[in-house]
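Here is a briefing on helix packing and a ligand shell. Please read it alongside the sequence and the model.

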Amino acid sequence: MASKPDIRNLDQRQLIKFFENSGMRGYRADQTLRWLYFRRADNFDQMTDLAKDARTLLSTSFYIGKPAVRDKQTSEDGTCKFLFALEDGNAVESVLIPEKDHYTLCISTQVGCAMGCTFCMTAKTGLTRNLSRAEIIGQVIAAMDAAESRGGMRLSNIVLMGMGEPLANYKNVISAIDAITDSNWGLKFSTRRVTLSTAGLADRFDDLARDARIRLAVSLNAADNETRNRLMPVNKAFPLDRLIKACANYPLPARDKITFEYILIKGINDSEKDALQLAKLLRPVRAKINLIPLNQHPGSGFVRPEIKEIESFQSILTEKNYTAIIRRSKGADISAACGQLRGETKTLSHS
Ligand code: SF4
């Protein structure tokens, strides 16, 4: 199997070329794509409206990969964390989160991460490698199957907020988003329901605005450079003035806003002064703020503020006319809160 490529690593253009180079008509590609994504086929024999010679060609040239569930933990609130085994022995996490009337899926884009955020357990492992297009899409397909097997709600929202920095794996992430959102042959997720969360690689924002019309979230976590340098070393390369300028210039559809995630850490970034500074910093941007009380993990040295402190931080932002939502920490009992779901990967991968 490993000697053949995973067909989901080919984008539409490459698949058309493949058929044409094999002496077949390019429209076979769209038929194949519909089977691969819209119908989520897991073998070529299922592709019954494809001529036999095309199916044979595909099965001798490719395989259809799907990440295997190595481990699965379900929280009391229904949040489900998957640890997916990759073919090279690595593993990544995805988290399926039940909301009021739909599921949201948080997916990974890299094995590990090079960004080095000091509050994040994934950072401790460093970066191992980028995920391929197929590995990113595979998490979505496996979670769609899991959501359907539970019955009831549909998986409709995706956040690229798991392990890794999506903009550091730009090509594969954009190509995967294409398959996830394509409304003709793809998985047909609405672009308004797909959110890419970045630690702030501001030099990629123009590319992103050109290549994908999805929502943008920025993991901010501090409103001054000194604190942000301490929490997120990426701030040294893209300090706040540059980051905020890139956000202000980011072309947004009418009524859309950039979401700024702010993990509240006791005594580090949760004071009244921090809230006022944050309100001032975001003034040039159409912004909304997600306040995420730290999902404490042993050994991090960081502590979650009391609820009273969290609420007073929120009310300062509300008084300054921001939408500031306190995100309930779903799946906290399995360390699966979005933005921090990475935590136990290493532990799990050795279980
Ligand atoms: S918080 Fe995100 S960007 Fe920062 S180290 Fe962790 S995975 Fe990477």
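H11 passes H12 in a right-handed crossing. A crossing is right-handed if the near helix is turned clockwise from the far one by less than a right angle, and left-handed if anticlockwise. This is a predicted model: local features need pLDDT of at least 70, side-chain atom pairs count only at pLDDT 80 or more, and totals for chains, interfaces and linings use all residues. Residues are numbered from 1 along each chain as its sequence is written.

**H11 and H12**

- Helix H11 (residues 272-281) and helix H12 (residues 307-319) pack at an angle of about 30°, with axes 9 Å apart. Helices are DSSP runs (H or I, at least four residues), numbered from the N terminus. Axes are lines fitted to C-alpha atoms over the stretch in contact, and angles run from 0 to 180 degrees between N-to-C directions.
- That angle makes H11 roughly parallel to H12. Angles under 35 degrees count as roughly parallel, over 145 as roughly antiparallel, 65 to 115 as roughly perpendicular and the rest as oblique.
- H11 contributes Glu272, Ala275, Leu276, Leu278 and Ala279 to the contact, and H12 contributes Phe313, Ile316 and Leu317. Contact means C-beta atoms, placed from the backbone, within 7 Å.
- By class, this contact has seven nonpolar, no polar and one charged residues. Ala, Val, Leu, Ile, Met, Phe, Trp, Tyr, Cys and Pro count as nonpolar, Asp, Glu, Lys and Arg as charged, and the others, Gly among them, as polar.
- The 13 residues of H12 should span 18 Å at 1.5 Å a residue, and its end C-alpha atoms are 18 Å apart, which agrees. The expected span is 1.5 Å times one less than the number of residues.
- Asn321 follows H12 and has a positive phi, near 70°.

**H1 and H2**

- The axes of helix H1 (residues 12-21) and helix H2 (residues 27-38) come within 8 Å and cross at roughly 125°. H1 and H2 are therefore oblique to each other.
- H1 passes H2 in a right-handed crossing.
- Gln12, Leu15, Ile16 and Phe19 of H1 meet Arg28, Ala29, Thr32 and Leu33 of H2. Five of these residues are nonpolar, two polar and one charged.

**H5 and H6**

- Helix H5 (residues 133-150) and helix H6 (residues 170-181) cross at roughly 40°, their axes coming within 8 Å. That makes H5 oblique to H6.
- The crossing of H5 past H6 is right-handed.

**Ligand shell**

- Twelve residues surround the ligand; the closest are Cys113, Met115, Cys117, Cys120 and Ala123.
- The shell divides into seven nonpolar, three polar and two charged residues.

Methods. Helices (H or I, at least four residues) and strands (E, at least two) are DSSP runs, numbered from the N terminus. Two residues are in contact if their C-beta atoms, placed from the backbone, lie within 7 Å. A residue is near a molecule or strand if its C-beta atom, placed from the backbone, lies within 6 Å of it.
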